[in-house]
Amino acid sequence: MAGSSICENCAYYDYNEEYECYECLVNLDEDELYRFMQGGENECPYYNPYDEYKVVRKQN
């Protein structure tokens, strides 16, 4: 998908209604944010793929 980032598929990436934009819910400190921004989007240690069917599988 052109123009999309790995963040769009992460469980921590959510819409903020107050600011009307998407944001990462992981609270990174200044050093972690710097390393993430320098290393590229595939370097995030907190990336957790969003799986909308995970809850359904647990119920069965």
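Of the contacts in this chain between residues at least 6 apart in sequence, 49% join residues at least 24 apart. The model is predicted.

**Overall layout**

Two helices and two strands make up the secondary structure of the chain. Their order along the sequence is β-β-α-α. The chain has 60 residues, and buried ones make up 7% of them. The exposed surface comes to about 5,600 Å². Carbon and sulfur atoms supply 47% of that area.

**The strand pair**

Strand S1 covers residues 13–16, and strand S2 covers residues 21–24. The two run antiparallel. Four bridges join them. Within this pairing, Tyr13 stands opposite Cys24 in S2. The hairpin of S1 and S2 has four residues between the strands. In this hairpin, Glu20 takes a positive phi near 55°. A general point applies to strands of this kind. In a regular strand, side chains alternate between the two faces of the sheet.

**The cysteines**

How many disulfides does the count come to? The count is zero. Cys10 is in no disulfide. Its nearest cysteine sulfur belongs to Cys24 and lies 6.2 Å away.

Is Cys10 buried or exposed? Cys10 counts as buried because its relative accessibility is 10%, and the cut-off for buried is under 20%. Cys7 has a relative accessible area of 24%, so Cys7 is partly exposed.

| Residue | Relative accessible area | Class |
|---|---|---|
| Cys7 | 24% | partly exposed |
| Cys10 | 10% | buried |

**A nonpolar patch**

Which residues form a nonpolar patch on the surface? They are Tyr12, Leu25 and Tyr46. Together they have about 270 Å² of accessible area. Leu25 sits in the loop between S2 and helix H1. Helix H1 spans residues 30–39.

**In brief**

The chain follows a β-β-α-α pattern, with S1 and S2 joined by four bridges. The disulfide count is zero. Tyr12, Leu25 and Tyr46 make a nonpolar patch on the surface.

Terms used: Residues are numbered from 1 along each chain as its sequence is written. This is a predicted model: local features need pLDDT of at least 70, side-chain atom pairs count only at pLDDT 80 or more; totals for chains, interfaces and linings use all residues. Side-chain values use heavy atoms; hydrogens and water are left out. Buried means under 20% relative accessible area, exposed over 50%, partly exposed in between (1.4 Å probe, protein chains only). Contact means heavy atoms within 4.5 Å. Accessible areas come from the Shrake-Rupley method with a 1.4 Å probe; for residues, only the protein chains shown count as cover. Two strands pair if DSSP finds at least two bridges between them. A disulfide is a pair of cysteine sulfur atoms within 2.5 Å. Patches are made of residues with over 30% relative accessible area and no salt bridge: like charges are joined within 9 Å, nonpolar side chains (Val, Leu, Ile, Met, Phe, Trp, Tyr) within 5 Å. A salt bridge is a side-chain nitrogen of Lys or Arg within 4 Å of a carboxyl oxygen of Asp or Glu.
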